[in-house]
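Please examine the sequence and the structure shown here. The paragraphs that follow lead from the confidence of the model to its elements, its cores and its salt bridges.

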Amino acid sequence: MKRLTLFIIMALYAAALAHGPATPAGTISHAEIETAGHEPGNGKDAKDTAHVAETGAAEAGTANHAETVPAHHDAAGQEPPEPAEIAIPEEPAPPEPEPTPEPATPAPAATAKQTIAVYMAGEEPKGAPGVHHILGGELARTISTSDKYLAVDRTDAILEQLSKEHAYQRSGAVDDEQIKSLGKQLGAQYLCISNINNVGWQSYYLDVRLVDVVSAQIVRTVTANSSLKHANEMTRVARTIAYELIETEKAAEQRKRSKKILLTTSVSLDILGLGAIAYGVLENSNMNSHADKTKFSAAESAKTRRDAAYIAGAVILASGLTIHIFF
């Protein structure tokens, strides 16, 4: 009987733990203890039963206390030592972004060329047939090779317009108001007016003017002398005038090159002429020497060479001096 009572108490206690006791964990009501103590039988058994119940309650209370101890406490209820701080390596600073290259500056747009209307004024010389056509075409073509101008031969169009206005003259003269009017009608910024005058037998004087059609002022004037005896000469003089008229770098280089060639040629001629004259002086000395020795034949030969050297030296020297003076 004693064993049965103890078994019942233990079963009730286990059930209370499983379902959550109404009383605080680890305690047992006095009524149960008293009931257990007043069971029929030996009083000693009741005391033993009560002692066992109290012991079980104490053990249960200890277990419940262990469950209620926070996780960071040890079994004795003491807080464990805090772990040493772990040094976290600093993240490297992000690399500075590379500077964005500035966009390339676009190249400036090419400047539009200014238009020049070429006009061959006056009548064509009878001794140089076709000169108006060749000279006007070459002027327009050569001027258009520059970086600033675009020239077009407008002789026929200008003559037609002047004829309508009854303003055409044999001299080819055009007054300021007509120049401004022609510039507007032809859409040109400049008017290139060329005059050819006969100044002698097979010699012509060319006068070419570049006129601003807005102000009717002469921007530049170029003159030249030429025989105009064939097409090659007409073409050459037209190119020379065009280069000088627009003052391009090509014209400056051509002038510089021509001056250098002329200077070299004139100096060479001067030296060669002086050398020939010096040789004539030497042959004159030889002639006198042969004459004193009655070597008349040798003296005559030396005299011939002397005269030839004097003549050649004088001509060559005169050519060199002419280039110096006139060119």
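The term pLDDT denotes the predictor's confidence in each residue, on a scale from 0 to 100. Helices (H or I, at least four residues) and strands (E, at least two) are DSSP runs numbered from the N terminus. This is a predicted model, in which local features need pLDDT of at least 70 and side-chain atom pairs count only at pLDDT 80 or more, while totals for chains, interfaces and linings use all residues. Residues are numbered from 1 along each chain as its sequence is written, and side-chain values use heavy atoms, with hydrogens and water left out.

The protein has a mean pLDDT of 75, with 65% of its residues at 70 or more. Among the elements, the lowest mean pLDDT, 46, belongs to helix 2 (residues 30-37), and the highest, 92, to strand 4 (residues 203-212). Across residues 21-47 the pLDDT stays under 50, and the model has 15 contacts (heavy atoms within 4.5 Å) beyond four places in sequence for them. Residues 57-75 also have pLDDT below 50, with 12 contacts in the model beyond near neighbours in sequence. Where pLDDT is low, the predicted coordinates should not be read in detail.

There are 9 helices and 5 strands in the protein, and along the sequence they follow the pattern α-α-α-β-α-β-α-α-β-β-β-α-α-α. Of the contacts with a separation of 6 or more, 57% are between residues 24 or more positions apart. The protein exposes about 22400 Å², of which carbon and sulfur atoms supply 58%; accessible areas come from the Shrake-Rupley method with a 1.4 Å probe, and for residues only the protein chains shown count as cover. Residues are called buried under 20% relative accessible area, exposed over 50%, and partly exposed in between (1.4 Å probe, protein chains only). Of the 327 residues, 28% count as buried.

Which residues of helix 5 are buried? In this helix (residues 155-164), they are Thr-155, Ile-158, Gln-161 and Leu-162. Seen down the helix axis, these buried residues fall within an arc of 135° (taken from the directions from the axis to the C-beta atoms), so they line one face of helix 5. The face turned away from this buried side carries the exposed residues Asp-156 and Lys-164. The cover over the buried residues of helix 5 includes strand 1 (114-120), strand 2 (149-153), helix 6 (176-186) and strand 3 (190-200).

A nonpolar core is a set of buried Ala, Val, Leu, Ile, Met, Phe, Trp, Tyr and Cys residues joined through side-chain atoms within 4.5 Å. In soluble globular proteins, nonpolar side chains tend to be buried together. The largest core here has 28 residues, of which Ile-116, Leu-135, Ile-143, Ile-196, Leu-228 and Ile-241 touch the most other members. Two or more residues each come from strand 1, helix 4, strand 2, strand 3, strand 4, strand 5 (218-226) and helix 7 (231-246). Helix 7 gives the most to this core, namely 7 residues. Beyond its neighbours within four places in sequence, Ile-196 is in contact with residues including Met-120, Val-131, Leu-135, Tyr-204, Leu-206 and Leu-228. Apart from this core lies another of 13 residues, among them Leu-162, Val-174, Leu-182 and Val-211.

Side chains of opposite charge can pair when their charged atoms come close. A salt bridge is counted when a side-chain nitrogen of Lys or Arg lies within 4 Å of a carboxyl oxygen of Asp or Glu, and by this rule there are 6. Glu-283 and Arg-305 form one, with their closest N and O atoms 3.0 Å apart. This pair links distant parts of the chain, since Glu-283 lies in helix 8 (residues 249-292) and Arg-305 in helix 9 (residues 296-326), 22 residues apart. Glu-283 is buried at 6% relative accessibility, whereas Arg-305 is partly exposed at 37%.

In helix 4 (residues 131-144), Glu-138 and Arg-141 are 3 residues apart, or about one helical turn. Their side chains meet in a salt bridge of 3.1 Å, N to O. Glu-138 is buried, with a relative accessible area of 15%, and Arg-141 is partly exposed, with 40%. Asp-307 is partly exposed at 28% relative accessible area, as is Lys-303 at 32%. Salt bridges with shared partners join Glu-138, Arg-141 and Arg-239 into one network.
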